[in-house]
Each structure stands twice: as structure tokens, then as C-alpha cells.
Amino acid sequence: MNASVNIKGFEDPNFDPFFSEKGAFGDILDPYAVLDELMDKGSVHPVEYRTIFNARPNAALGHLKHYTIVGYDAVREVLNKPEIYLNKAFELTLGTSFGKSISTMDGAEHQRYRRIFQKAFLPQVVSQWGGTLVDPVVTNLLEAFLDRGSADLVGEFTHHYPFQIIYRQLALPQEAITTFHKLAVAETLYAIYPDEAAEAGHNLGEYFNALIDERLSKNGEDLVSLLARTEVDGEYLPREVLVSFFRQLVNAAGDTTYRATSVLFTALLKDPEQLEAVRQDRSLIGPAIEEAVRWEGPVLVTSRMTSEDTVLDGVPIEKGAYLHVVLGSANRDARKFPDPHRFDLHRQSDARHYGFGMGPHICLGQHLARVEMTRALNALLDRLPNIRLDEDMPPPEIRGFLMRSPEHLYVRFDK
């Protein structure tokens, strides 16, 4: 990399986005009790989601009419009618820091650009990254504590694991990583730290513009170079859209996967019988991943905006209303998933979970997430014999009302 491609940090060097993240995503241990009460009363509620948990509302959305949508059937209808329920809602939130992201697009525009990005994340493509990108990161992280016999799997493994894979995909220089991660996290804090989120988006935009120019001149094989050269039907990605994708990548593919992996480990370690079943039969890893994403999906709520006056489950909703679509309520709807608050890797249900979303905006990186979670779990079972919760340390607690994960996961294992 040219020395001229530098990354700029915050004007305020004391701003800590990792500490602020807790306030942004909430510290609620059990939001599902509240969501169950809402579902008992109906599926459409004229209230902003954050205020249900006594959190400060998003000031940028104060001029809009808000509805919180709960329950499997109502969530499914919203996600599967993109012509009525628009992703334009994200222009007012993550769009302020990420820019013109495919998450803010609708209709033909979204389809046109998504299919270009999709070429880089097809199952047959990401499966090849397992040995070249994923396994080396797993090995490096595990070897730091293999001889100790104890670890905090969140602080020492899952919180670093998917991010380090992304750094390798982007071929980021080591000296840029710390600043890069801080900026990427700060971009998600638009609801409570809008100025810092915008600053982070601006700095990452400058960095990626320079990085793309530098990589194109060298014709490399990293993800930046590949996407900058990718075309479908003779069309390349506009620079604005490409930069916004890279701004969002760390959060869309890193933050959510770290949380989902942390939840998967927590669920199995808290139930030694199911953990042992997976250890003995690795074909159960797939069902365990799907159940973990259903049980405690990393993202509890998504957003949409109505394109016209409509009616949802008998409730009139006006054009331009802002909808908080609670994926976590759909995944814990007892009408679709019996005993929904229990993690059960043997669960049988005709309903599919919405942990990766649904409809045209379903998670672009879901296949990579499954590869990463599969290899991480296999590595733990193979390399940490008799892994178990550390009874001398606090048990793991999954918290949050927007994003869910444990802060710590203390374990012991045989050396």
C-alpha cells in the first residue's frame, strides 16, 4: 500500500465507540417478556420501538409517525411486500453514516446493484474462503490461550474472529486496523451520537476512495480490488455505492457474526447435553446454527417506511410512516415455534426463522456467516477438550434490545 493511503481517526481522541455501543443497543437482559406482552395485544402498535424500553428516541425520526410491528405473520407480510414497505427508511438512520448503501435502496435499483455484490458472496465462493481466510484466523486466536486451560471466548475469540477475516479480505494494513474498527463501530451509533457517526462515515469514505484508487492501479485479488473490477452485463458499481458497501461491511458481516457466534457458543455451553450431541455428531452443527440465530438473532429489529396508505392486520397505516419490524418477536412467536424461549437444536418447525431477514433484502453475507460459525464451533470442539463454563466466573448474559450478545463467556477446558 502507498504511504499516502492513511486513515484518519476522530477529532476527539477520547471518544470510545465500544463503550458507547452499550448505550446505543441497550442493556436489557430479557426483552422477550415485553415483546410477548405486545404480541398478546396485537401485531401493530403506534409507538417507536426504542421508547418501549425507555430508551431515548432517535431525534432524526421525531417528525415521523411510528409503528412497532410484532409477531410472525405481520413481520412476514412486511418483509415480503417491498413495494409497500420500503428500505428507504434506512436513509434517515444508517444512511447518514454509510451513505448510498444497498440497504437504503428499493426496487430495480436495489436489484441491479445487489446482484453485482452477490457474485462475491455466493455459497460456492465463500465456501472456498474456509481454508484460506477463516481457518488461519481461528488458529491464531485459539493458540493465544490453548495452553492456559481457560479463556473468555468473547473477549479473546468471537469479538475478534469475524473482524479479522474481513481485514484479511480487504487486505488492510496492520497499522490501520485499530482506527478502522473504531470508525466502523461508531457508524452504527447514529441514534445517540449522530455527529460522531457522520464523522466516522466521512473518514472511512475518504479512506476507501483512496484505497480503491491504489488497489486498481495494482490489479490485486483482495475484495476491494475484486469488487472494484466486478461487472454484470457491462455495468460496474458506481464509486459512491462501492464505498458505502465497504463502510457497511464490518458491521453487516463482522458485528452480526461475532454476536451470532457468541450466542451459539453460549447456548451450547449452557446445555452440556446438547453440546455433547454436537461433539459426537457434527452434522448437528447446521441445525445448531439455525436454532441459535432463531433463538437469539443478533439483530432484533429492522426498519421499513410505507410507500402508500395501507392496512396491516386490520390497522390502518398512513403513507410515510416509519415501521420498526421486530424480527426477534417473529422468531419467538409461540404460534410458530412451540416453547420458543428454549434453545433446542432438535427443533422441528415448518416455519423458517427471520434471523437473516427475509425477502429481497435478506442478508447478503448469510452464507459466509454460516461458514465462519461452522468452522469456529468445529475448532472449539476439536481443540479445547472438555470445554465447559467456568464456575468460578460470572455466567454469560445475553443482553440488548437492538443487538444481542453476551459481553463475556468464561470457559475452562483441559490443556
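In this predicted model, strand S3 (residues 85-86) and strand S7 run antiparallel and are joined by two bridges. Within that pairing, Tyr85 has Thr306 of S7 as its bridge partner. S7 also pairs with strand S10 (residues 322-326), again in the antiparallel sense, through five bridges. Strands of a sheet pair through backbone hydrogen bonds, in a parallel or an antiparallel arrangement.

S7 covers residues 301-306, and six of its six residues are buried. In a regular strand the side chains alternate between the two faces of the sheet. For S7, one side carries Val301, Ser303 and Met305, while the other carries Thr302, Arg304 and Thr306.

The contact between S11 and strand S14 (residues 410-412) is antiparallel and consists of two bridges. In it, Arg388 has Arg412 of S14 as its bridge partner.

The aromatic side chains give another view of the fold. Across the whole structure, a search finds 21 aromatic pairs. One of them is formed by Phe10 and Phe15, whose ring centres are 5.2 Å apart and whose planes meet at 70°, so this pair is edge-to-face. Phe10 and Phe15 are both buried. The pair of Phe53 and Phe401 has its ring centres 5.2 Å apart, but the planes are at 15°, so this pair is stacked. It links distant parts of the chain, as the two residues are 348 residues apart. Phe53 belongs to the loop between helix H3 (49-52) and strand S2 (66-69), and Phe401 to the loop between strand S12 (398-399) and strand S13 (405-406). Phe53 and Phe401 are likewise buried.

Ring pairs also build a cluster. Phe117, Phe121, Trp129, Tyr167, Phe180, Tyr207, Phe208, Phe245 and Phe246 are linked in this way.

Aromatic rings take part in contacts with arginine as well. Arg112 lies over the face of Tyr113, 4.9 Å from the ring centre. Arg294 places its charged end over the ring of Phe337, at 5.3 Å from the centre of that ring.

How values were computed:
Residues are numbered from 1 along each chain as its sequence is written. This is a predicted model: local features need pLDDT of at least 70, side-chain atom pairs count only at pLDDT 80 or more; totals for chains, interfaces and linings use all residues. Side-chain values use heavy atoms; hydrogens and water are left out. Two strands pair if DSSP finds at least two bridges between them. Helices (H or I, at least four residues) and strands (E, at least two) are DSSP runs, numbered from the N terminus. Buried means under 20% relative accessible area, exposed over 50%, partly exposed in between (1.4 Å probe, protein chains only). Rings of Phe, Tyr and Trp (its six-membered ring) pair if their centres lie within 6.5 Å; planes under 30 degrees apart count as stacked, over 60 as edge-to-face and the rest as tilted. A charge sits over a ring if NZ of Lys or CZ of Arg is within 6 Å of the ring centre and within 35 degrees of the ring normal.
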